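Hello,

Here is the structure I promised to pass on to you. Have a look at it first, and then read my notes below.

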Amino acid sequence: MPMTSRKVLEFLEEMSEQLSDLANRELTVLKELKMKEEGDAQFGMEDLLYYMKRGEQHKVDLDIGEIKRYFPVKLVISGMLKMFQDLFALRFEEIKDVEVWHDTVRLFSVWDASSSDLLGYFFLDIFSREGKYDHTCVVALQNGCMCSNGSRKVPVAVLLSQCPKEFDGNSALLRFPEVVRIFHEFSHVVHHISNRATFSRFSSLRLEGDFAEIPSLLLENWCYESISLKMMSGFYQDITKSVSTEACQSLKRRRDMFAGLKLKQEILLCLVDQIIHTSENVDIDELIKDLHPKVILGIPLLEGTSPASCFPRIAVGYDAVCYSYIWSEVFAADLFATKFKDDLLNQHAGLRFRNKVLAPGGSKGPLEI
């Protein structure tokens with residue numbers, strides 16, 4: 001939504017400055033951990049990830065392997081579907097005995113819970129198999145639009161993933177990051193299905209890069225709140241036992257730990273992306289060497305490394321818009337805090353969000369929405 005590269009750079013620089021106090025406090029914690037383990041040694045970039053992990057182990061009482069046992073695939077999916085129906089006043093109906101490309105694929109119709117209008121369809125193709133595309137993502141199979149005869153063509157989407165299958169009657173389990181990823185991508189499905197734009201060109205997945213992720217990043221918050229996380233969880237041997245409130249709180253603390261330092265690393269690469277795509281004859285290695293200590297609190301770049309080489313978004317699909325994810329996170333955080341945090345399943349707020357934000361698709365500018 002910023003209209004110029006200068007606005008993007010100003011945004012990234014302002015974010016970096018505002019994060020400095022938090023990131024410095026986090027860095028002090030890491031330096032103290034290193035002092036205890038190694039004595040009086042200089043803290044470098046090679047220490048950052050290791051001591052972040054050590055810090056998490058010290059501060060968060062959470063066994064990731066144990067948590068996994070509370071997320072059977074089928075229970076996660078059924079809980080997720082119920083949550084989206086309740087929040088956005090939708091009704092999902094599974095269509096049985098339909099011809100699909102694999103026997104594990106499921107098809108659902110989507111209806112407005114109040115008017116009973118058909119809004120669209122989505123396929124769930126979430127289980128792994130040989131030769132299948134190996135990422136979790138959403139593909140729009142048909143865009144919604146008004147037809148010349150006055151009828152409406154409804155949108156259709158498919159959610160692809162690589163969830164494990166049940167084996168010998170044992171429930172397939174998801175790691176928590178996989179739960180968040182599926183929830184995030186299904187938010188794109190709901191965005192696409194909620195589209196009411198007149199023209200196919202403005203279908204809900206055809207959005208400006210710095211707006212498209214806002215709804216999904218907003219809805220990721222539901223994965224870290226007890227009331228919603230309990231709807232998607234249950235011990236694999238007794239699904240009536242949902243994940244504990246303490247575990248939910250630990251998952252949120254784990255997400256938020258060292259958030260300042262993590263975001264500063266992202267900002268560094270977004271600055272590099274913006275500069276190299278708006279300037280001529282830039283030496284990327286020299287640019288990173290110059291920016292690194294300025295952004296990462298005086299920590300010099302580790303000799304012989306090039307962080308940009310591990311950041312493919314700079315060159316593949318996100319060139320000059322890598323900032324958009326951070327931009328979207330800011331708007332998503334504001335929406336969550338002001339509209340949803342106090343009542344996560346408030347259908348009035350959810351329906352208003354569906355109608356005002358999701359329904360226009362790309363037919364309105366993000367700032368207008």
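Aspartate 86 is partly exposed, with a relative accessible area of 27%. Please keep in mind that this is a predicted model. The partner of aspartate 86 is lysine 82, and their side chains form a salt bridge with an N to O distance of 2.9 Å. Lysine 82 is partly exposed as well, at 44% relative accessible area. Because the two residues sit four apart in helix α4 (residues 73-88), about one helical turn separates aspartate 86 from lysine 82.

In total, the structure holds 19 salt bridges. Aspartate 112 is buried at 12% relative accessibility, and arginine 354 is buried at 6%. Elsewhere, salt bridges with shared partners bring Lys34, Glu38 and Asp47 into one network.

Arginine 254 and glutamate 56 also meet through their side chains in a salt bridge, 3.8 Å from N to O. Here too distant parts of the chain are linked: arginine 254 belongs to helix α9 and glutamate 56 to helix α2, 198 residues apart. Arginine 254 counts as partly exposed at 28% relative accessibility, whereas glutamate 56 is buried at 12%.

Now to the pocket. The largest pocket has a volume of about 2,000 Å³. Its lining is made up of 47 residues, and Leu217, Glu220, Arg255, Tyr325 and Glu329 lie nearest the centre. Which helix gives the most to this lining? That is α12, with eight residues. Other elements that each supply at least two lining residues include α1 (5-38), α5 (176-193) and β4 (137-142). By type, the lining divides into 24 nonpolar, 16 charged and seven polar residues. At least three lining residues come from each of domain 1 (5-66 + 257-332) and domain 2 (70-254 + 342-354).

Finally, two residues of helix α1 are worth a look. Serine 16 lies in this helix and is buried, with a relative accessible area of 8%. Setting aside residues up to four places away in sequence, serine 16 touches Lys264, Ile267 and Val295. Aspartate 21, also in helix α1, is exposed at 58% because its relative accessible area is over 50%. In space, the C-alpha atoms of aspartate 21 and glycine 260 are 8.6 Å apart, although 239 residues separate them in sequence.

Best wishes

Methods: Residues are numbered from 1 along each chain as its sequence is written. This is a predicted model: local features need pLDDT of at least 70, side-chain atom pairs count only at pLDDT 80 or more; totals for chains, interfaces and linings use all residues. Side-chain values use heavy atoms; hydrogens and water are left out. On a 1 Å grid over the protein atoms alone, a cavity is a set of points where a 1.4 Å probe fits but cannot get out, and a pocket is an open set with protein on both sides within 12 Å along at least five of seven lines; lining residues have an atom within 4 Å of a point. Grid points are joined across faces, edges and corners, and a volume is the space filled by probe spheres set on the points. Ala, Val, Leu, Ile, Met, Phe, Trp, Tyr, Cys and Pro count as nonpolar, Asp, Glu, Lys and Arg as charged, and the others, Gly among them, as polar. Domain bounds come from an automatic or database domain assignment. Buried means under 20% relative accessible area, exposed over 50%, partly exposed in between (1.4 Å probe, protein chains only). Contact means heavy atoms within 4.5 Å. A salt bridge is a side-chain nitrogen of Lys or Arg within 4 Å of a carboxyl oxygen of Asp or Glu.
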